[in-house]
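Grab a pencil and open the viewer.

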Amino acid sequence: MEFFGDYHLHTIASDGRASVAAHIRAAEKRNIKEIAITDHSFSTLAFHLTEKKFDAQTETIASLGGHGVKVLQGVEGNLIGDRLDVPHSVIRRCDVLLVGFHRFVSLRKAAGNGEFLRINGFGSLKKREKLICRNTEAYLSVMENYPVDVIAHLGHRALVDFTKLCECAARRNVYLELNAKHFDALEDGIAEAVASGVKFIVGSDAHDTRKLGRFGEVERFIRENSIPVERIYGINGNRPIFKDKREWQYGSDV
């Protein structure tokens with residue numbers, strides 16, 4: 001199994017500990033040909049993107065030519081109820097848009113979704129199970145209204161109906177991430193995901209260069225769960241195709 005892409009990386013623009021240039025050097029050393037810089041979104045507590053940081057990152061990526069690594073710029077957006085916390089103007093400039101639930105999000109920016117964040121983020125399993133329908137509908141709404149490319153670490157904290165969500169992702173050409181840090185989140189629903197026909201994509205979720213492209217556990221997970229390799233992108237020459245977001249408007253057919 002040959003891995004050539006890593007589509008989930010963080011930098012010093014959010015809570016990462018590496019620059020874009022450092023990630024590129026690490027990718028070159030590990031024969032990773034394509035990477036996506038996907039820093040945490042705008043309402044994340046403490047360390048997150050701003051439009052100024054995103055602009056600076058765009059300029060940095062453009063200036064770092066002359067290497068054999070294709071660098072994509074994106075955002076790991078926060079699911080807040082049935083919306084994302086990424087400015088629409090930024091989404092239209094992204095090469096790749098990841099979406100995931102994160103619990104360390106500003107309640108001030110939750111816009112009436114404080115209970116959604118509190119229970120999913122900090123509630124007991126019993127309490128979180130009561131939100132499965134709501135969480136699933138939130139993801140479905142986001143996939144319908146935004147040009148989502150990847151669902152990141154699905155099942156982490158926010159529990160969902162895997163069959164319903166993955167069938168929607170398959171219809172809308174949204175990749176399900178095989179996240180090198182959060183296999184525990186996907187284990188309970190991987191059989192349903194495989195049966196749905198959804199496509200998968202690999203991401204290390206690396207916050208430093210040491211973990212970029214380290215997919216030994218991902219490979220083990222793929223083999224143990226009999227995930228069809230032809231439906232996994234970032235390996236064996238399968239290059240993902242991400243949505244063109246330049247003309248996107250909220251609620252448009254994506």
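**Exercise 1: two helices crossing**

Work out how helix α4 (residues 114-122) and helix α6 (residues 132-145) pack: at what angle, and how far apart are their axes? Keep in mind that this is a predicted model.

Solution. Start with the geometry: the two helices meet at about 115 degrees, and their axes lie 12 Å apart. Next comes the hand, and the crossing of α4 and α6 is left-handed. Then pick out who touches whom: α4 brings E115, F116 and N120, while α6 answers with R134, N135 and A138. Sort that contact by class and you get two nonpolar, two polar and two charged residues.

**Exercise 2: an aromatic pair**

Find how the rings of F104 and F122 are arranged.

Solution. First, the background: the structure has nine aromatic pairs. For F104 and F122, the ring centres are 5.8 Å apart and the planes make 70 degrees. Edge-to-face needs an angle over 60 degrees, so F104 with F122 counts as edge-to-face. Now place them on the chain: F104 sits in the loop between β5 (96-100) and α4, F122 in helix α4, and 18 residues separate them.

**Exercise 3: the cavity**

Search the whole structure for cavities of 30 Å³ or more: how many turn up?

Solution. The search gives one. The largest cavity holds about 30 Å³ of space. Its lining is made of H153, L154, E177, N179, H182, F183 and L186.

Definitions and conventions: Residues are numbered from 1 along each chain as its sequence is written. This is a predicted model: local features need pLDDT of at least 70, side-chain atom pairs count only at pLDDT 80 or more; totals for chains, interfaces and linings use all residues. Side-chain values use heavy atoms; hydrogens and water are left out. On a 1 Å grid over the protein atoms alone, a cavity is a set of points where a 1.4 Å probe fits but cannot get out, and a pocket is an open set with protein on both sides within 12 Å along at least five of seven lines; lining residues have an atom within 4 Å of a point. Grid points are joined across faces, edges and corners, and a volume is the space filled by probe spheres set on the points. Axes are lines fitted to C-alpha atoms, for helices over the stretch in contact, and angles run from 0 to 180 degrees between N-to-C directions. Helices (H or I, at least four residues) and strands (E, at least two) are DSSP runs, numbered from the N terminus. A crossing is left-handed if the near helix is turned anticlockwise from the far one by less than a right angle, and right-handed if clockwise. Contact means heavy atoms within 4.5 Å. Ala, Val, Leu, Ile, Met, Phe, Trp, Tyr, Cys and Pro count as nonpolar, Asp, Glu, Lys and Arg as charged, and the others, Gly among them, as polar. Rings of Phe, Tyr and Trp (its six-membered ring) pair if their centres lie within 6.5 Å; planes under 30 degrees apart count as stacked, over 60 as edge-to-face and the rest as tilted.
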